[in-house]
Amino acid sequence: MTKPLHIGFIPLIDAAALIVAVDKGFTAAEGLDVTLVREVSWSNVRDKLNIGLFDAAHLLAPVAIASSLGLGHVRVPIAAPFNLGLNGNAITVSPALHAAIMAEIDGDRFDPMATALALSRVVAARRRSGAEPLTFGMTFPFSTHNYQLRFWMAAGGVDPDEDIRLVVLPPPYMVDSIASGQVDAFCVGAPWNSIAVDRGVGHILHFVSDILVRAAEKVLAIRQSWSDKNPEVVAALIRATFRAAEFIEQPNNRAETARLLAQPERVGVDADVIQRTLDGRLKILPDGTIRESSRYLLVGREGASRPDPAQAAWLYAQMVRWGQTSISPEALRTAKAVFRADLHDAALGHAVKPADASDAVGAFAGPAFDADDIAGHLAAFRIGRRKS
Amino acid sequence: MGAESSPKIVIVDESPIRAAILQEGLREAGFTDVVHISEMQSLLSRIYALDPDVIVIDLENPSRDVLEQMFQVSRAVRRPIAMFVDQSDAASIQASVDAGVSAYIVDGLKKERLKPILDLCISRFNAFSRLQDELDRAKSALEDRKVIERAKGILMKLKGLTEDEAYVLLRSTAMREKKKIGEIAQSILTASELLR
């Protein structure tokens, strides 16, 4: 056994590979003594990882990049050698906003361009009538949720900084906030969308896989300096987590996975809700309407565990588009280098089949993503807050 | 504070006792303009209404992420804030995370003026957890004493011992097995439950 490792996580379904790795004994089988520490905020996870209270963490992919670039906080270079999940978020709207969008929609209700255009008509009508702007909740300034909401609505002509209010809400407060009318919609990971639907206070409008075919969501984050000093430990952690991801993707292991995640000291919600998420079979409307998608959350299949530098470049491009940082070739290189496909492949002793290299992201709007020409790519988008 | 007025400090904490301890400490140190927010609903708009210079929040609070939003310039954020981090002062970051507190500084306030506030928060947070620990220890000591009393009673009845003899037996057994007297007493209670 190595010296004890402390790994921080936020109680969300996409921490599954870490939780299963520890609770099924896969980390122990690799000679690792891991204690998982449940946290209440991304700020805490980031800070405790930064100062070494955590050796590794379940972290929002954009936070790993922001931390490496020193955006919003202290600069601490992070290595992300394992992608804990692709996709997994959803956009949930209040029953009233759902009705308003459906009244304006021209096209398929799962087509994000149709809903975004409908949203822009709802927003315009509210402005004409002098109503307060709509409020959308998301989880963190440097989050996929923030960028996914912005990407979607901007494609329909809604400026997320001018036409609506976009506010940070901790995931456990999302459902109460939509119920009380504090927010009209939110973008969050599982299980919170399903819980809003079960309580009858929200309708799932989109799975984020409608917006982006592949979106890096949470990564296993390690301080780069620590990773450099402990290559064997990092490799063992990658192997254990990969074994867990493969375990979770076996349909006949889903019930057991859901039971492990349902433990109060882990995610602590109903096993049934967890299983729906893992199966990609979600109740989207309070009347019981079910929507199935094989792309809702990818834990290990389709090479999901392999960190893709093009994904990191896309996230960096969003930071530039929305004015969180200015564009620089050096920063782009740093961002890409956070996603350590090399460590992932070396630990497993084989390369996992990467995604289609032509466009790793698969966004519903705009030109195919070019990870080497961020400025050219962003020029195609009218709405944004790029710093000069 | 000299010519400068006392900065306005907002404490975001769901624990009323800890907030009171902190508030008192800040007042004693001459920071008179202190407001406590215990309700997390509409946190951001309440903070804007108060328009503080410094925000202090406990690390057990999920709403810390809400404050991070205030680093960004956007329609929702009128006056940007930053987390108080002196990059050269790793010890201070460590001390604040260990104590479980974090401080945010609103645009305009000089960093030198925040340092004494943060140091005070760290020491008061630490004082609060020491108090909490003492309380927990006192509780468990009381529990132990009750258990030992009952175990002595059982030994006296079953083995015909005096109270002193019963205690000596407990203590010598604990020493021999390298356990606490409370643990031995508890196993006697458990055994007597089972054998009843």
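## A buried residue in chain A

Val338(A) counts as buried, because 26 C-beta neighbours lie inside 10 Å of this residue, and the threshold for that class is 20 or more. The model in which this is seen is a predicted one. Val338(A) belongs to helix α15 of chain A, which covers residues 329-338.

Leaving aside residues up to four places away in sequence, Val338(A) touches Ala64(A), Ile65(A), Ser68(A), Ile78(A), Ala79(A), Ala80(A) and Ala312(A). A separation of 39 Å is found between the C-alpha atoms of Val338(A) and Gly107(A), two residues that stand 231 residues apart along the chain.

## Two crossing helices

Two of the residues touched by Val338(A), Ile65(A) and Ala312(A), also take part in a helix contact. Helix α4 of chain A (residues 61-69) packs against helix α14 of chain A (residues 309-321) at an angle of about 75 degrees, and their axes are 10 Å apart. The two helices, α4(A) and α14(A), are therefore roughly perpendicular, since that description applies to angles of 65 to 115 degrees.

On one side of this contact are Ala61(A), Pro62(A) and Ile65(A) of α4(A); on the other are Ala312(A), Leu315(A) and Tyr316(A) of α14(A). The contact consists of six nonpolar residues, with no polar and no charged ones.

## Nonpolar cores

The largest nonpolar core comprises 174 residues, and Ala221(A) and Tyr316(A) have the most contacts inside it. Helix α11 of chain A (residues 231-249) gives the most to this core, namely 11 residues. A further core lies apart from it and has seven residues, including Ala151(B), Leu155(B), Ala166(B) and Ile188(B).

Tyr316(A) touches Ile65(A), Ala331(A), Leu332(A) and Ala335(A), when residues up to four places away in sequence are not counted.

## An open sheet in chain A

Five strands of chain A form an open sheet with mixed pairing, in the order β7-β6-β8-β5-β9. Strands β7(A) and β9(A), the latter at residues 203-207, stand at the edges with a single partner strand each, so one side of each has no neighbour in the sheet. On average, neighbouring strands are turned by 25 degrees against each other, direction ignored.

Strand β5 of chain A (residues 89-93) pairs with β9(A) in the antiparallel sense over four bridges. Thr92(A) has Ile204(A) in β9(A) as its bridge partner. Helix α8(A) packs on the sheet and touches β5, β6 (135-138) and β8 (185-189) of chain A; the direction of α8(A) makes about 155 degrees with that of β8(A).

## The contact between the chains

Chain A brings 27 residues to the contact and chain B brings 23 residues. On the side of chain A that touches chain B, the elements giving two or more residues are α3 (42-50), β7 (165-168) and α8 (171-179) of chain A. Helix α3(A) supplies the largest share of this side, with five residues. By class, the side of chain A that touches chain B divides into 14 nonpolar, eight polar and five charged residues.

## Chain B

Chain B contains seven helices and five strands. Its elements follow the order β-α-β-α-β-α-β-α-β-α-α-α from the N terminus on.

Of the 196 residues in chain B, 31% are buried. Among contacts in chain B between residues at least 6 apart in sequence, 59% link residues at least 24 apart.

How values were computed. Residues are numbered from 1 along each chain as its sequence is written. Chains are lettered from A and ligands numbered from 1 in the order in which they are written. This is a predicted model: local features need pLDDT of at least 70, side-chain atom pairs count only at pLDDT 80 or more; totals for chains, interfaces and linings use all residues. Two residues are in contact if their C-beta atoms, placed from the backbone, lie within 7 Å. Ala, Val, Leu, Ile, Met, Phe, Trp, Tyr, Cys and Pro count as nonpolar, Asp, Glu, Lys and Arg as charged, and the others, Gly among them, as polar. Two strands pair if DSSP finds at least two bridges between them. Axes are lines fitted to C-alpha atoms, for helices over the stretch in contact, and angles run from 0 to 180 degrees between N-to-C directions. A residue is buried if 20 or more other C-beta atoms lie within 10 Å of its own, exposed if 12 or fewer, and partly exposed in between; C-beta atoms are placed from the backbone. A nonpolar core is a set of buried Ala, Val, Leu, Ile, Met, Phe, Trp, Tyr and Cys residues joined through C-beta atoms within 7 Å. Angles under 35 degrees count as roughly parallel, over 145 as roughly antiparallel, 65 to 115 as roughly perpendicular and the rest as oblique.
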